[in-house]
Amino acid sequence: MLKVEQLSHTFRNGPELTKVLHHIDFQVDKGDMIALLGSSGSGKSTLLNLMAGLMKPTEGTIYIAGHDIVKMNENQLAEFRRSNIGFIFQAYELIPNLTVRENIELPLVFQGISPSKRKEKAKQLLEQVGIPDKGELFTSQLSGGQQQRVSIARSLITEPSVIFADEPTGNLDTRTEEEIIAILKHLNKTMSTTFIIVTHEREVADHTKRVITLRDGHLVEDQAPVTVEGGTA
Amino acid sequence: MRARDYMSLAIDQLRRRKVVTGLCSAGISIGCAAIIVAMSLGQSAQIYAEKELNSFLKMDEITVTPIQNKGDEVNKDVDNRGKLTKQKLNLVRNLPHVKAASPFEEVGYFSMHTTDDRSNNVQVIGTDLEQLANFNHQFRQGGPSDVADTIILNYGAEYGLLDRATLEPLIQKQNQDPFNEEITQQLENIQKLHTPLFQRQVRFERADTADQHKPTTSTMRITSVIKKPADASTDSAKYDKKAYTSLETAALIREQLKLNQGPDAPPASEVGTYKSILVKVDDQNNVEQVEKQIKKLMLNTQTNLKQKERLEDTFKMVRTIALGVGLFVLVIASISIVVAMTMSTHQRRRQIGIMKVLGANLRQIRNMFIIEAALLGLLGGLIGVMISYWLVWGINGAAARATEAGQGFIFIPLINIPLGIFFAVLTGVLSGIYPALSASRTDALTAIKRD
């Protein structure tokens with residue numbers, strides 16, 4: 001489903017070149033839920049941005065659902081993201097002047113889907129993320145946890161092949177964090193959607209089926225997390 | 001993306017950013033109003049001038065005269081064929097688009113005296129009195145009479161009659177001091193004096209002879225007075241003084257005033273021929289066509305179409321200047337849109353970034369901003385139309401108070417409204433292009449990056 005081959009990336013800062021990713025290789029199967037774990041500066045966010053087509057790598061290839069996204073131009077990438085990729089952000093990134101329902105519908109607006117179909121789908125997703133009665137509210141009227149649920153619903157509306165979640169619980173308290181993780185796990189199970197979660201918290205990564213650990217731009221570990229009982233998650 | 005979605009996103013933005021929307025719309029509405037008012041002023045002035053010109057020069061009339069040569073033997077045949085005969089008059093009357101045709105022969109300018117010896121100067125014209133109504137002359141009192149020695153006066157002929165004892169000293173004073181405003185004003189006031197002449201008797205006197213005993217006509221009765229022409233202003237109508245008589249009475253006046261005598265006397269018309277006829281055409285646009293047909297009858301024609309063409313050329317220039325002024329104001333106004341939209345692009349970078357991450361392509365982002373700018377233009381255009389109506393209403397009100405006519409002449413031709421709105425929307429779209437391109441080029445990752 002997702003294949004990263006020999007991926008390297010170098011940032012130019014004036015005359016200085018900083019290599020932030022070194023020959024990363026890994027593959028993710030359909031329906032997987034993996035965590036990209038690493039401390040600040042490990043290159044995990046850069047890797048996510050590259051996989052999402054928001055940046056071009058210096059070297060290597062990225063295949064999503066059989067498409068080499070590195071070769072795509074800006075418009076092709078936008079159209080590819082529109083139907084194949086979902087995003088969940090740490091700071092939710094909802095549009096404040098749109099209602100909750102309109103925010104969820106937004107990716108379908110860019111696809112040119114009719115308002116009635118959009119509305120019906122948004123309603124279903126609101127129920128799935130547990131906020132069926134919040135559709136007509138504005139995002140400012142919701143708590144952080146509720147806003148993240150809206151963000152999750154928005155990422156799912158196009159039924160993408162893969163969802164990238166960048167520190168999805170970073171802005172939430174422990175109880176809400178657990179609720180959001182539970183929702184993600186449930187959706188992964190019921191909808192067979194691939195989730196790639198970027199986190200610096202071992203506790204969050206331990207909820208996934210596989211953890212890829214990055215350190216200083218190198219892939220240092222790729223294994224199933226070890227549970228408290230000594231088994232795998 | 002559907003058109004409806006573009007619209008609702010754009011409307012939502014305009015509604016949320018009320019101050020920016022208000023300022024941009026105000027700027028563009030002033031430009032739009034400037035275009036509409038400037039063009040309307042040009043067109044109204046042209047129509048007003050044409051109307052005034054038409055009331056003087058009668059654009060829908062053709063003066064027809066015979067073709068005359070020197071009268072030598074060589075050209076005698078041409079003279080005979082070029083005569084303006086009764087048969088030719090009947091042929092002209094039956095031409096397509098001809099409303100009326102009648103002899104109008106100028107007898108001359110004479111002093112018209114009432115029985116109480118008040119006088120003014122009038123132009124005497126011999127014609128078929130029954131045909132006067134067909135030349136847009138409506139009778140205020142009475143009507144044409146078959147009786148000999150009767151005349152019909154126009155509206156202006158009843159004004160400015162004064163007894164000689166009062167008038168002559170005034171004219172003498174004016175000759176001595178031509179720039180004396182007081183005397184000029186007195187003479188102008190005399191022109192406004194009205195003397196009802198219906199059913200009264202008058203006689204005409206030649207003023208162009210030094211004889212002590214100036215030739216004078218027998219007394220003639222006024223059987224009708226014509227109304228003021230609808231398309232003429234009161235002032236201009238008062239200065240236009242005419243007396244219409246039958247062709248027979250015209251011949252009698254010529255005889256009594258000894259116009260047929262002397263070396264410079266014009267030759268009398270042959271029986272069954274005319275010196276001049278006037279043709280009324282149903283529409284100004286058909287004058288040229290009718291004129292061509294008349295020329296085929298070996299007759300001379302004369303129209304005032306050239307004056308109209310000259311007037312149109314002048315006003316074409318006025319309209320172009322007016323449009324230029326309006327466009328200049330609109331260009332200035334468009335700067336406000338460029339500034340506001342560019343600011344808006346910067347303020348909404350994060351939102352644009354989110355949209356791009358969610359799959360909006362360059363075209364969609366660009367279109368969103370252009371439609372928003374077009375809506376601003378449309379809003380400004382609609383407000384501009386209202387402003388232009390208020391302005392025209394104000395100008396007409398001021399003109400009505402300032403002039404004797406009591407009404408303004410500016411109107412907004414309907415075509416100017418869509419034209420004004422079109423320019424406003426065009427300004428919006430053109431002003432929105434740079435901000436739209438700038439928005440579409442926003443780097444999504446940089447836009448959503450948080451410090």
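**Salt bridges, cores and a chain interface**

Me: How many salt bridges does the rule find across the interface of chain A and chain B?

Reply: A salt bridge puts a side-chain nitrogen of Lys or Arg within 4 Å of a carboxyl oxygen of Asp or Glu. Between chain A and chain B, the rule finds 3. Some ground rules: this is a predicted model, where local features need pLDDT of at least 70 and side-chain atom pairs need 80 or more, while totals for chains, interfaces and linings use all residues. Residues are numbered from 1 along each chain as its sequence is written, chains are lettered from A and ligands numbered from 1 in the order written, and side-chain values use heavy atoms, without hydrogens or water.

Me: Which residue forms a salt bridge with Glu93(A)?

Reply: Arg350(B) does, with the closest N and O atoms 2.5 Å apart. Now the helices on the chain A side. Helices are DSSP runs (H or I, at least four residues), numbered from the N terminus; strands are E runs of at least two. In chain A, α2 (74-84), α3 and α4 each supply at least two residues of the side that touches chain B. The largest share of that side, 6 residues, comes from α2(A).

Me: How many residues of chain A are in contact with chain B?

Reply: Contact means heavy atoms within 4.5 Å. By that test, 27 residues of chain A meet 25 residues of chain B.

Me: What area do chain A and chain B bury between them?

Reply: Buried area is the accessible area (1.4 Å probe) lost when two parts are put together, summed over both. Here the figure is about 2,300 Å², with 60% of it on carbon and sulfur atoms. On the chain A side, Glu93(A), Asn97(A) and Phe110(A) lose the most area to chain B, together 27% of what that side buries. Glu93(A) is also the partner of Arg350(B) in the salt bridge above.

Me: Which chains does the pair Asp5(B) and Arg118(A) join?

Reply: The side chains of Asp5(B) and Arg118(A) meet in a salt bridge at 2.7 Å, N to O. Asp5(B) is in helix α1 (residues 3-16) of chain B and Arg118(A) in helix α4 of chain A, so the pair joins two chains.

Me: Are Asp5(B) and Arg118(A) buried or exposed?

Reply: Relative accessible area decides (1.4 Å probe, protein chains only): under 20% is buried, over 50% exposed, in between partly exposed. Both Asp5(B) and Arg118(A) are buried.

Me: Which residues are linked with Arg118(A) in a network of salt bridges?

Reply: Arg101(A), Glu105(A), Glu136(A) and Asp5(B) are linked with Arg118(A). Arg101(A) is buried at 16%, whereas Glu136(A) is exposed at 52%.

Me: How many residues does the largest nonpolar core have?

Reply: A nonpolar core joins buried Ala, Val, Leu, Ile, Met, Phe, Trp, Tyr and Cys residues through side-chain atoms within 4.5 Å. The largest has 66 residues; Phe26(A), Leu47(A) and Ile64(A) are among those with the most contacts inside it. Helix α12 (residues 362-402) of chain B gives the largest share, 6 residues.

Me: Which residues does Ile64(A) touch?

Reply: Leaving out residues up to four places away in sequence, its contacts include Met1(A), Leu2(A), Met51(A), Phe80(A) and Phe164(A). Another core lies apart, with 29 residues, including Ile104(A) and Leu172(A).
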